[in-house]
Amino acid sequence: MIIRVLIFALIIPITLFAVDRPSLKHEVYLEGTDYELHIFKIYGKEPGKKGLIVGGIQGDEPGGYLSADLYVDAWLEKGDLIIIPRANFKSIILFNRGIDGDMNRRFIDNKTKHEMDQVVDIIQKLMSEVDFFLHLHDGSGFYSPVYVDKLRNPYRWGQSIIVDAEKYICNNKEIDLGKIAKEVIKETNKKIKEKNFHFEYLNTDTDNPTTRYKDMRKTATYYALKNYCIPSFGLETSKNLPDDKTKILHKTYLINEFFKIFDIKPELPPIKLPIPELKSIKVLIDDKPIEIKNGYIFNVKKGVKLKIEAINSNYKRGLSCDILGFNGLNDKGLDYVVQKDTEIKCRKDHKIIGSIKLHVVDEPEDLKENGYFEISVNGTIMKVYNNQKLNVKINDNIVLLNFNGDSNIPINLRGFVPTNIKSNDGDDRNINIIANNKYFMKKYALENGNTYEIIAGTLDNIKGRILLSIDK
């Protein structure tokens, strides 16, 4: 098991178990695997009850992991939280309930171990450290104790709080699950104007030999209740709510009511769900750092070692990049030896937010015979071989450096006229060029009107030629 711990606040131990307050501790387990697990431990300004919040154990339930994600950015006035937004990262990436089976049916003893059970083992250990457990889900339809229609009936799960018993006796203490859940539902429904979206109470009566919910004996909430005697609740928003923002809003209503009961006092950020986008990725090419923008075709020599170091997006969590044809779904931090053309697809959870194509170029022994341009794009120097096309984004910064490493060969971007010059000598090297049509003469545009010719040498003696394509 690979463990990396990042601490985003200075924690100075006074005693063995002392923590600085307030603070946030971020732990990463199984790093670089499809089941990479991020755990956030939030310590409030004042000590109090400690809660465990888990989302994303089933990968097609965004209301669970996006809601848990929101609380990572919260500061606490009182109490502590352990938050796992994405328990089943592999299934989230594939937007599948459980690509290797249902992780929420793995909380049992004497099972044949699977890769995902490493995550289950970690969650079980964390259960022993807390006073209550909230398990976040999205369920189909709308639960109703009586049959209304095919979407609203006793066989649906959405818009419900699930408990395993009305009251549970454990270690000679009585846990009144029903009372707590019903109080949360009552206060939450006051905030939801649409009555069809109100929450219902669902007691699966899990220990009863005649229960129709025998499968619940394999779940995380039942395991926490039975083995650690902590109040545990399944919070199910409906997959049939209008959008993810509504799911998150309803989930926060529930969570905040549980916080009141357990005396957790949060300072919450607003719900913001901008459209996820990939800006760039930072890679090491034979240990040299390079940043590649989303949408680029990146030329790379066969046999070089490539490692994805960082993903630059408008989100901080739930990010992964997959080098197609290599390893698994989450290839960040892994050494990849480039052998053939491929593509790097990057995701926010299950949504593809961008991609970069890797194009393998074989460097001949005599480069001058083939010809190559050295060009800087946004500070990254790359080789573009003769007769290739360089794809850039609008307003990228381009500097033409040399052809075949020869400082005596002029390079001309046809249609570009540098500003503040008395005469145009046809040599555009070492000039900052902004990739935007308004800086070029239209009559030189080729193909779709956004492509221009770059030549090395002179019009009477062309030594090399490539195309510059500007993607709007």
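Me: Which residue does Asp69 form a salt bridge with, and how far apart are the closest N and O atoms?

Reply: In this predicted model, Asp69 forms a salt bridge with Arg86, and the closest N and O atoms are 3.0 Å apart. The pair links distant parts of the chain, 17 residues apart, with Asp69 in helix H1 (residues 62-72) and Arg86 in the loop between strand E5 (75-84) and helix H2 (89-93).

Me: Is Asp69 buried or exposed, and what about Arg86?

Reply: Asp69 is buried, with a relative accessible area of 8%, and Arg86 is buried too, at 7%. Both count as buried because each value falls under the 20% cut-off for that word.

Me: OK, what about Lys305, which residue is its salt-bridge partner?

Reply: Lys305 forms a salt bridge with Asp287, where the closest N and O atoms are 3.8 Å apart. Here the linked parts of the chain are 18 residues apart: Lys305 is in strand E18 (residues 305-313), and Asp287 is in the loop between strand E15 (278-285) and strand E16 (288-293). As for cover, Lys305 is partly exposed, with a relative accessible area of 30%, while Asp287 is exposed, with 55%.

Me: Which residues do salt bridges with shared partners join into one network?

Reply: That network consists of Asp69, Asp73, Arg86, Lys316, Arg317, Lys348 and Asp349, and so the Asp69 and Arg86 pair we began with belongs to it.

Me: How many salt bridges are there in the whole structure?

Reply: A search of the whole structure finds 38 salt bridges. One of them is between the side chains of Glu27 and Lys41, at 3.5 Å from N to O. Glu27 lies in strand E2 (residues 23-29) and Lys41 in strand E3 (residues 37-43), so this pair ties together parts that are 14 residues apart in sequence. Glu27 and Lys41 are both buried.

Me: And how many positive and negative side chains does the protein have?

Reply: The protein has 70 positive and 65 negative side chains, and the centres of these two sets lie 4 Å apart.

Me: Changing topic, how much of helix H3 is covered?

Reply: Helix H3, which runs over residues 117-127, is mostly covered, with 8 of its 11 residues buried. The buried residues are Asp117, Val119, Val120, Ile122, Ile123, Gln124, Leu126 and Met127.

Me: What covers them?

Reply: The cover over the buried residues of H3 includes the strands E2, E3, E4 (46-54), E5 and E6 (132-139), together with helix H5 (220-228).

Me: Which residues have the most contacts inside the largest nonpolar core?

Reply: The largest nonpolar core has 47 residues, and those with the most contacts inside it are Ile281, Phe298, Ile375, Val392 and Leu413. If neighbours within four places in sequence are left aside, the residues in contact with Ile375 include Thr380, Met382, Leu390, Ile398, Leu401 and Ile466. There is also a second, separate core of 46 residues, and among its members are Leu136, Val163, Ile192 and Tyr253.

Me: What is phi of Asn171, and of Asn387?

Reply: Phi of Asn171 is near 50 degrees, a positive value in a residue other than glycine. Asn171 lies in the loop between strand E10 (168-170) and strand E11 (173-175), where it is exposed with a relative accessible area of 68%. Phi of Asn387 is also positive, near 75 degrees, and Asn387 is found in the loop between strand E24 (380-385) and strand E25 (389-393). Asn387 is exposed, with a relative accessible area of 62%.

Notes:
Residues numbered from 1 in each chain as written. Predicted model: local features only at pLDDT ≥ 70, side-chain atom pairs only at ≥ 80, totals over all residues. Heavy atoms only, no water. Lys, Arg positive; Asp, Glu negative; His and termini not counted. Charge placed at Lys NZ, Arg CZ, Asp CG, Glu CD. Core = buried A, V, L, I, M, F, W, Y, C linked by side-chain atoms within 4.5 Å. Buried < 20%, exposed > 50% of the residue type's maximum accessible area, 1.4 Å probe, protein only. Contact = heavy atoms within 4.5 Å. Salt bridge = Lys/Arg side-chain N within 4 Å of Asp/Glu carboxyl O. Helix = DSSP H or I, 4+ residues; strand = E, 2+ residues; numbered from the N terminus.
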